[in-house]
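Please look over the sequence and the structure before reading on.

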Amino acid sequence: MNSEFELRGVNHIALVCSDMKQTVDFYSGVLGMPLIKTIELPLGWGQHFFFDCGGGNALAFFWFPDAPEGVPGVSAPRNLPDRGELLSAVGSMNHIAFDVPPERIEEYRDRLMAKGIDVGVLLNHDDSEFGVAAEMHEGVFVRSIYFKDPDGILVEFAAWTHPDGRPDGRPGDVRHEPKTAADRTV
């Protein structure tokens, strides 16, 4: 529990799109997220739209008439993680992960593919050397699939396999020392 601030979750994350209609078609039409608020920004600056993504949270998008194009490998990974891509720039948003029921992850993959979405393989995230297992086992803490939205934003459907994310039932799984800027290779 945070003793400094009463944080109640994520109110919204705001991303930038190139085409608001295309974004509405994808997030509402393909993923089924209701559009809950639209704003025309003053002085012709653009638009700001909000989608309900469940759990009292929202996903928002800005559309700016003069926004620069995204740069694959900088503003977002070039491809899906199961295809060897994960890198994005400092300060970028690498991906957005939506929590889904574990018993429906395979069904959701099939549904996305039926809608023409390029979806990666189902990944079983564990603590092995490469962080994924070929098969489901007790040490898998989350199962997920990745795909991209029309602007190349990496989207994940993630399903915790244990209520707290840990197979042993203990709270948290914090055992790695955080790296610093001095550890970077750039």
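What follows describes selected parts of this structure, which is a predicted model.

Helix H2 comprises residues 105-114, and its buried residues are Ile105, Tyr108 and Leu112. An α-helix has 3.6 residues a turn, so residues three or four places apart point the same way.

The buried residues of H2 pack against helix H1 (20-30), strand S8 (142-148) and strand S9 (154-160), whereas Asp110 and Ala114, on the other side of H2, are exposed. After H2 comes Gly116, which has a positive phi, near 85 degrees.

## His125, a buried residue in a strand

His125 belongs to strand S6, which covers residues 123-125. Its relative accessibility is 14%, and because buried means under 20% relative accessible area, His125 counts as buried.

The side chain of His125 is joined to that of Ser144 by a polar contact of 2.6 Å. When neighbours within four places in sequence are left aside, the residues in contact with His125 include Gly131, Val132, Phe141, Tyr146 and Glu156, as well as Ser144.

## Ala134, an exposed residue in a loop

Ala134 sits in the loop between strand S7 (132-133) and S8. With a relative accessible area of 75%, Ala134 is exposed, because exposed means over 50%.

Although Ala134 and Leu123 are 11 residues apart along the chain, their C-alpha atoms are separated by 7.7 Å.

Terms used
Residues numbered from 1 in each chain as written. Predicted model: local features only at pLDDT ≥ 70, side-chain atom pairs only at ≥ 80, totals over all residues. Heavy atoms only, no water. Buried < 20%, exposed > 50% of the residue type's maximum accessible area, 1.4 Å probe, protein only. Helix = DSSP H or I, 4+ residues; strand = E, 2+ residues; numbered from the N terminus. Contact = heavy atoms within 4.5 Å. Polar contact = N/O pair within 3.5 Å; in protein donor to acceptor, adjacent residues only side chain to side chain.
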